[in-house]
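Have a look at it first, and then we'll walk through it piece by piece.

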Amino acid sequence: MSTPAIKIEGLTKDYAVGFWRKKMRRSLDHLDLEVKEGEAFGFLGPNGAGKTTTLKLLMGLIFPTSGSAQVRGRSIADVSMHREIGYMPEQPYFYDYLTARELLDYFARFFGFSATERQERIGKFLRRVGLMESADVQLRKFSKGMLQRVGIAQAILHDPQVIFLDEPMSGLDPVGRREVRDIILELKKQGRTVFFSTHILSDAEMLCDRVAVLVGGKLLGVGAPKEIVSMEIHGMEILFEAQPGSPLPPKLTEGATHTGDRYRIEVPEAEVYSALDELKSSRARILSVTPLRPSLEDYFLKLVGRQKNVASSTEVVSSGAAR
Amino acid sequence: MNAIPGIVAVNTFREAVRDRVLYNLIFFALMMMAAAVLVGGVSIGIERDVIVNLGLTAISLFGIVMAIFIGVGLVYKEIEKRTLYSVLAKPIQRWQFLVGKFVGLLLTLAVNTVLMAIGLSAALFYVTRKFEPGDGTIVIAIYFILLELALVTALALFFSCFSSPILSTLYTLGIYVAGMFSPDIRDIGMVTSSPVVKAVAKVIYYVLPNFHNFNTIAAAAHSETIPLALIWQNTAYAGLYVVVILIAASAMFSGRDLK
């Protein structure tokens, strides 16, 4: 069996809170996770779920209260492992007195690239994230979206095998989001492992081989988006256009939403053919028929709701201090 | 030197330059020009003393202010602005980052000090119209100021690892001022009859960095000979102290969670 790209075992993080810092708040609770090489893995959860905490633990920015993790078989405590990983923090902020080119040059130096190689890589990745024209502008003049692109460029500058992206789509306009999605897909195509956190479920559905759902510091489920989202169809959505002078059967128009002559109705799967027959006899123009499945969003909300019902307080009182 | 701290050091220097830190040189230059013109007009026979005293005091003061005010933000600012996150995700140890920051600020202070020293030399030459062999003591005094700045920078960096800039400024300034009176603290221990005060004074005297020994401004102003032993003693003392403080800072910073 090959070594997993990421292996997390019982990773737990408690933070000391309160004036006397005697009370502990559990931010991550015994997380167990394995990500295979070459996977695009989505780490889902609402704000405060522990996604950023997990990424910061993996990057060695904070230290676990208990548990361990390995990236490509090497402990996260081993800094030399960082040669093989790339990381973009959430809402990245960089030295604003540097230009994008200077910043990438600064980071590239840590990997020991020669001057020529640095120059080549910087040009290549600035072009890749669409920042070539702003390469020599100081970062203090960059928009949030542009900083996000710099963040991605610095994370993949050294061709890492495992890339960690914390909320890579946040703050981006639709074009920027599509570009980031393309970059993730391209990295996946190259065989890289991409582990990214997000609370935007459509991104995860679109990009991920597997996703993990984290709520309140606890892992609630791992699986392919399709496994998590049941394939069970709970209805059909029909969009159609009514013809002037042809009245529609009241059965279909009850509860329908419409704009002008365009209607949207939801019918049980068993009744879809009879509904279509009735629409045909009313000379309505069918625009689309779509099966209605619970989305990842529905699943997510259900899990969050269940978690709240359990009312599991993540606070534990302890006299020990977190590292 | 390890390449990684060097990369951080160069960037720290670049940050200081781009933040227009070296603009203080303009004030220094204006002050030295005004002093040279004024002293040349009113002093009789003590022009050299006044210029050297004023110049060296200003070099020391400007340097200390820079070391403290930039030093206390060296790490704190990186954590607050989260610029450190991307850096530490690269193959770099936290101690390497700290040493780089220290060297970078020291490099900035050294460039600043050398430029001010050139300004002082120009003012001195304008007033006395010659350089004397006794002026060598000015070079030694400037070297001691640099050692003093290295110590202050290390202290500010140490506090910057776990404390806010305001508190770090107070701690560093407090230790600097107390360290200037180091011999007086020792004397208190010698003259007191209380064994407790004696013991406390002794501990404070040995723990606090002795900044008094670095101050040879008066000796330089009066062209007094500075013993050779003092040069190596001060060098060894500052070097050892800086290493100890940097090790303590690294130990503290290496186990710290970055929130």
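## Where the two chains meet

The contact between the chains draws 22 residues from chain A and 20 residues from chain B; two residues are in contact when their C-beta atoms, placed from the backbone, lie within 7 Å. On the chain A side, the largest share comes from helix H2 (residues 100-109) of chain A, with 3 residues. Sorted by class, the side of chain A that touches chain B holds 15 nonpolar, 4 polar and 3 charged residues. Here Ala, Val, Leu, Ile, Met, Phe, Trp, Tyr, Cys and Pro count as nonpolar, Asp, Glu, Lys and Arg as charged, and the others, Gly among them, as polar.

A quick word on what you're looking at: this is a predicted model, where local features need pLDDT of at least 70 and side-chain atom pairs count only at pLDDT 80 or more, while totals for chains, interfaces and linings use all residues. Residues are numbered from 1 along each chain as its sequence is written, and chains are lettered from A and ligands numbered from 1 in the order in which they are written.

## Helix H2 of chain A

Let's stay with that helix. H2(A) is largely enclosed by the rest of the structure, because 7 of its 10 residues are buried. (Buried means that 20 or more other C-beta atoms lie within 10 Å of a residue's own; exposed means 12 or fewer, partly exposed is in between, and C-beta atoms are placed from the backbone.) The buried ones are Ala100(A), Leu103(A), Leu104(A), Asp105(A), Tyr106(A), Phe107(A) and Ala108(A).

What do they pack against? The buried residues of H2(A) pack against helix H3 (115-128) and helix H4 (144-156) of chain A, together with helix H1 (3-18) of chain B. Helices (H or I, at least four residues) and strands (E, at least two) are DSSP runs, numbered from the N terminus.

Now for strand E8 (residues 193-198) of chain A, where 6 of 6 residues are buried. Thr193(A), Phe195(A) and Ser197(A) point one way from E8(A), while Val194(A), Phe196(A) and Thr198(A) point the other way.

E8(A) runs parallel to strand E3 (residues 40-44) of chain A, joined by 5 bridges; two strands pair if DSSP finds at least two bridges between them. In this pairing, Gly42(A) has Phe196(A) as its bridge partner. Strand E7 (residues 162-166) of chain A also pairs with E8(A) in the parallel sense, over 5 bridges, and Phe164(A) has Phe195(A) as its partner there. To get from E7(A) to E8(A), the chain passes through helix H5 (residues 174-189) of chain A, in a right-handed β-α-β crossover. Right-handed means that, with the strands pointing away from the viewer, the path from the first strand over the helix to the second runs clockwise.

## A closer look at Thr52

Thr52(A) sits in helix H1 (residues 51-58) of chain A. Thr52(A) counts as buried because it has 20 C-beta neighbours inside 10 Å. Leaving aside neighbours within four places in sequence, Thr52(A) is in contact with Glu90(A), Asp166(A) and Ser197(A). Thr52(A) and Glu90(A) are 38 residues apart along the chain, with 7.6 Å between their C-alpha atoms.

## Chain B

Chain B has 12 helices and 0 strands. Buried residues make up 39% of its 259 residues, and its C-alpha atoms fill a box of roughly 60 × 55 × 30 Å, taken along the principal axes.
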